[in-house]
Amino acid sequence: MIRSHRTATVFCAAATLLAAVACGSNSPSKSTSSAKDQLTYVTAFGAAGRDAFAWVAEQKGYFRQAGIDVKIELGKAAGENLKALASGKAQFTSLDLTGAMISAGAKNSTAYRDFRAVLAIHQRTLVSIMAMQGSGISTPKDLTGKKIAAAANSVNQLLFPGYAKLAGIDTAGIHWIAVQPVQLGPALASGKADALSTFLIGRPTIEKATVQARSKHVVVFPYSTYLPDLFGNATVTTASLAAKQPDLVKRFRTALLKGLKYTIQHPDEAGKLLHAKHPETDAAAATQEIKLMTPAVTAEGTANIGVITEARMQGALTSLEKAGVIQPGMTPQDVVDFAAMKSS
């Protein structure tokens, strides 16, 4: 009886195993469907309010729900972020899309071109010029012959020739001063620079420096006044990943978009969450930055948050061509993965 019972037990176990193998050969196993894709995402620049949505997506579980394990690393501006993509160190990054397009579309450019935008963070460019009130710079044309501070090789400087052409600025005698982003405010307040170029959302930080040092607020000249079709920051991936793993791209985009929407809806919570992840970041400053960037996020309507349409991208390319900062020939498909836009 014992032998018979053992034989039956072994037979049943073997039958169960064979059935499992047979079923597994015709359908995905649970281990495969529940496994998480691992990838690296690089922020636009450091840990700031404008990039808080990535940590929101992480902490709210949006990446986990999409079946993705995401390592978030701090970015170093567009050029370095594109290098991270090109080298395979990162699969996604956020950066100033206009700056990346200018680098890729310049004559004889050797910049990395095989990127594809999958999510618009800012529907219009946030690049601007700032000067202290009472400095004699009250219109863009007053910049002629002045010293302008900006981060080295940033979109601010790359896009300026096009902005100057449309704004009627005589660029003769304008001198650019390369400074670290954190030194922009002090450079203006000390008189080292007559004006500076940075994102609109950096205004509170700049004014904090000028008010403390000189009791002066700033006047702002947005590039978008003359270049309304341009995008600001966007999330991009490689053309290869977009083509070979469209499902992964769509899942990542969906999760990040959820994080972006939650962030602008709950700026105070997002600012505190960012501070918890990166204590060196001031929660109140991050919250203020999120609130300031929200109009650019929702510029095309709440239903179109994150979306880049072919018509908008063609308009951006046409603007850059007319401004003389890119060569003709670049198409919307060279810049955007439009298939990913249909995922949300």
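This is a tour of one predicted model, stop by stop, with what to select and what is there.

**Before you start**

Residues are numbered from 1 along each chain as its sequence is written. Because the model is predicted, local features need pLDDT of at least 70 and side-chain atom pairs count only at pLDDT 80 or more, while totals for chains, interfaces and linings use all residues; side-chain values use heavy atoms, with hydrogens and water left out.

**The whole chain**

Select everything and colour by pLDDT, the predictor's confidence in each residue, from 0 to 100. The chain has a mean pLDDT of 89, and 89% of its residues reach 70 or more. Now select residues 1–33, where pLDDT stays under 50. For this stretch the model has 0 contacts beyond four places in sequence, a contact being heavy atoms within 4.5 Å.

Switch to a cartoon view to find 14 helices and 10 strands. Both are DSSP runs numbered from the N terminus: helices are H or I with at least four residues, strands are E with at least two. Of the 344 residues, 48% are buried. Buried means under 20% relative accessible area, exposed over 50%, and partly exposed in between, with a 1.4 Å probe and protein chains only. The chain exposes about 16400 Å², and carbon and sulfur atoms supply 54% of that area. The areas come from the Shrake-Rupley method with a 1.4 Å probe; for residues, only the protein chains shown count as cover. Among contacts with a separation of 6 or more, 78% are between residues 24 or more positions apart.

Pick out E1 (residues 37–42): 6 bridges join it to E2, and the two run parallel. Aspartate 37 stands opposite isoleucine 68 in E2.

**Threonine 238**

Stay with strand E10 and select threonine 238. Is threonine 238 buried or exposed? Threonine 238 is buried, with a relative accessible area of 14%. A polar atom of its side chain lies 3.0 Å from the backbone nitrogen of leucine 241. Beyond its neighbours within four places in sequence, threonine 238 is in contact with Leu85, Gln91, Tyr112, Asp114 and Phe115.

**Helix H6**

Next select residues 97–105, helix H6. In H6, 8 of the 9 residues are buried, so the helix is largely enclosed by the rest of the structure. Leu97, Thr98 and Gly99 are among the buried residues. What covers them? The cover includes H5 (78–87), E3 (92–96), E4 (115–120), H7 (155–167), E10 (233–238) and H14 (310–322). At the N-terminal end, aspartate 96 caps H6 with a side-chain oxygen 3.2 Å from the backbone nitrogen of threonine 98.

**Another sheet: E7-E6-E8-E5-E9**

Select these strands to see an open sheet of 5 strands in the order E7-E6-E8-E5-E9, again with mixed pairing. E7 (175–178) and E9 (218–222) stand at the edges with a single partner strand each, so one side of each has no neighbour in the sheet.

Focus on E8 (195–199), where 5 of 5 residues are buried. E8 is joined to E5 by 4 bridges, running antiparallel, and to E6 (residues 147–150) by 2 bridges, running parallel. Leucine 196 of E8 has methionine 130 opposite it, and alanine 149 also stands opposite leucine 196.

Move to E5 (residues 127–132), which 5 bridges join to E9 in an antiparallel arrangement. Alanine 131 has valine 219 in E9 as its bridge partner. Helix H9 (residues 203–214) lies across E5, E8 and E9, at about 150 degrees to E9.

**Threonine 294**

Last, select threonine 294 in helix H13 (residues 283–297). Threonine 294 is buried, with a relative accessible area of 19%. Its C-alpha atom is separated by 9.7 Å from that of lysine 261, 33 residues apart along the chain.

Methods
Pairing = 2+ DSSP bridges. Axes fitted to C-alpha atoms, helices over the stretch in contact; angles between N-to-C directions. Polar contact = N/O pair within 3.5 Å; in protein donor to acceptor, adjacent residues only side chain to side chain.
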